Amino acid sequence: MIKRIITAAVLILIMALAIWFQGWPLRILLLISMLMSTSEMYRAFRRIGYDPVRWAGYTYCVLAVLAQAYYAQLTNKMGLFESISPPMFALIVGLLLAFTVIILKGKVAFDSLMSTVFPMLYPGLFFSLIITLQDLDTRTASTLALVLAFFIASVNDTFALFIGLRFGKHRLSPEISPKKSVEGAVAGLVASVGFAVLAPVVTRSMAASFPEMQAQLAAAPLPPLWAFALLGLVAGVLSQIGDLVASLVKRHCGIKDFGTIFPGHGGMLDRMDGILFCGVACYVFFKIAGL
């Protein structure tokens, strides 16, 4: 447990610094995380005999980051990305590459097709949606969106773990993830809602001391707190679903963790599973808010 806590603290510090600096430091960090997570998923599928076209997946990862970076540099947002978002453009190119390569093999390799495409959607597409969050209308909105995307899931995990260990009696999904409890899940959702409401409150309080933040909030006002509470609930639920989806894949592939890079946590995808689903909720929320 101590090893798990220390690893989590280091990861939180790295992520906080990346969110603070944003720009290419954050893009590169997310690209590395995306490539590692995709590689872990491909490795899990190869363990059970599937033969994914891995280079097509890696090409998609790089293209998704570069396309979003290019979009962020455009001043009028016209041209190719006026009609299609960078994540969807990159996904279409990646899927077409995968389909073409597999068909050209001339074999009925449906397992190869599915094991190539699935990681492009999860974790691939979910990562690419999180990457777009740093390119919202204002830096204040981007910072808030990224904090919510990464830390709602972390708060959810933390409360679910400790409350579940202390009070958990009813299994949430015993066949997929035997250790998760209903009590822990409820505690995680309560914590997620609380954090989602607290974050904009702190943001508005900080703005009172920073004229630039105040001007950005005036130009692009944040949604009301009840909307953030709803975001916390939805993102918390999706975060837990993300954990269970990752567990489902691991059970299917006969592995305990996707990797061993993070002591006490496993691989990159073990750490990012819930965050990716939470990030999708934040992406939709801020798009609806028009930020």
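Contact here denotes heavy atoms within 4.5 Å, and helices are DSSP runs (H or I, at least four residues) numbered from the N terminus. The model is predicted: local features need pLDDT of at least 70, side-chain atom pairs count only at pLDDT 80 or more, and totals for chains, interfaces and linings use all residues. Residues are numbered from 1 along each chain as its sequence is written, and side-chain values use heavy atoms, with hydrogens and water left out.

**View A. The buried face of helix 9 (residues 211-219).** Met 213, Gln 216 and Leu 217 are the buried residues of helix 9 (buried: under 20% relative accessible area; exposed: over 50%; 1.4 Å probe, protein chains only). Seen down the helix axis, these buried residues fall within an arc of 100°, so they line one face of helix 9; the arc is that of the directions from the axis to the C-beta atoms. Their cover includes helix 7 (139-167) and helix 8 (182-207). Pro 211, Glu 212, Ala 218 and Ala 219, on the other side of helix 9, are exposed.

**View B. Packing of helix 3 (residues 54-73) and helix 5 (residues 86-104).** The two helices pack at an angle of about 160°, with their axes 8 Å apart (axes are lines fitted to C-alpha atoms over the stretch in contact; angles run from 0 to 180 degrees between N-to-C directions). Helix 3 and helix 5 are therefore roughly antiparallel (over 145 degrees).

View C. Ala 18 is buried, with a relative accessible area of 6%. Not counting residues up to four places away in sequence, Ala 18 touches Leu 26 and Leu 29.

Terms used. Angles under 35 degrees count as roughly parallel, over 145 as roughly antiparallel, 65 to 115 as roughly perpendicular and the rest as oblique.
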